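Trainee: I am new to this structure and would like a close look at a single part of it. Could you take me through the salt bridges, one after another?

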Amino acid sequence: YQRRERRSRKILSHEELELEPQRLVTRAFWYTIEHRICEDVGVATSQLPGALHAAEHAMIGMLPLFTICDRWDVGGVSTAMHQDTLHPSIFIYDGYPGGTGIAELGYQVAGRHLRATLDLLRACGCKDGCPSCVVSPKCGNGNEPLDKASAIALLGSLLGYLIYGGILFGSAMIIREQTGVVLDVTSVHPSLLWTPLGMVVVGALAGVIPAIKAYSTDVARTLA
């Protein structure tokens with residue numbers, strides 16, 4: 001535990017506390033992020049614990065907007081390598097034995113929850129994190145480490161793949177209903193990795209090319 005100065009809340013020391021281990025059997029939902037995605041968005045191995053931890057705090061803070069709970073009703077765990085998922089993972093669990101349905105509600109609104117969390121981090125004007133975004137009043141690790149910028153990068157990539165996955169599964173269902181052809185969208189194929197990048201490039205060109213044409217007109221030159 002931490003010893004703090006009462007008025008300034010400055011940490012004076014860290015003390016060892018020996019207690020019997022506690023076991024909580026409950027329900028949870030979680031996000032996993034492949035190491036390849038972390039590398040693609042420029043999050044180094046040394047930055048990963050802080051990025052996951054910051055994202056976990058922000059997710060817990062935003063969860064009451066979508067479920068009937070308070071942030072004190074849930075807990076979170078983030079790790080750069082989990083023994084069961086074998087990937088960097090963020091777990092958000094119900095803080096009561098057996099669960100009270102919070103985890104199930106969180107799972108159902110995963111996409112909206114992730115979008116709202118990312119919007120919060122982007123909108124907050126702080127640089128390194130504050131109580132309005134990633135600093136938690138109930139963190140057992142003293143809010144260390146936290147990496148807000150890397151958390152934004154991770155959540156942005158995760159949201160992109162979540163949206164792409166939804167489109168992919170929806171398309172597969174329509175194809176199966178219309179033609180009877182069953183597509184295995186869970187198998188990894190290079191085209192599934194390059195297609196999102198191609199969509200981003202095409203989308204960027206769709207906006208850049210008209211802009212270049214607009215700025216090269218006589219009217220634009222006159223205004224300049």
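Mentor: Let us begin with a term: a residue counts as buried under 20% relative accessible area, as exposed over 50%, and as partly exposed in between. Arg-36, with a relative accessible area of 28%, is therefore partly exposed. Please keep in mind that this is a predicted model. Arg-36 forms a salt bridge with Asp-40, the closest N and O atoms being 3.6 Å apart, and Asp-40 is exposed, with a relative accessible area of 56%. Both residues belong to helix H1 (residues 35-40), where they are 4 residues apart and thus separated by about one helical turn. This pair is also part of a network of salt bridges that links Glu-34, Arg-36 and Asp-40.

A search of the whole structure finds 4 salt bridges, and one of them joins the side chains of Glu-104 and Arg-27 at 3.0 Å, N to O. Because Glu-104 lies in helix H3 (residues 102-108) and Arg-27 in the loop between E2 and E3, this pair ties together parts that are 77 residues apart in sequence. Glu-104 is partly exposed at 30% relative accessibility, and Arg-27 is partly exposed with a relative accessible area of 45%.

Helix H4 (residues 110-123) holds Arg-115 and Asp-119, which are 4 residues apart and so separated by about one helical turn. Their side chains meet in a salt bridge of 2.8 Å, N to O. Arg-115 is partly exposed, with a relative accessible area of 33%, and Asp-119 counts as partly exposed at 36% relative accessibility.

Definitions and conventions:
Residues are numbered from 1 along each chain as its sequence is written. This is a predicted model: local features need pLDDT of at least 70, side-chain atom pairs count only at pLDDT 80 or more; totals for chains, interfaces and linings use all residues. Side-chain values use heavy atoms; hydrogens and water are left out. Helices (H or I, at least four residues) and strands (E, at least two) are DSSP runs, numbered from the N terminus. Buried means under 20% relative accessible area, exposed over 50%, partly exposed in between (1.4 Å probe, protein chains only).
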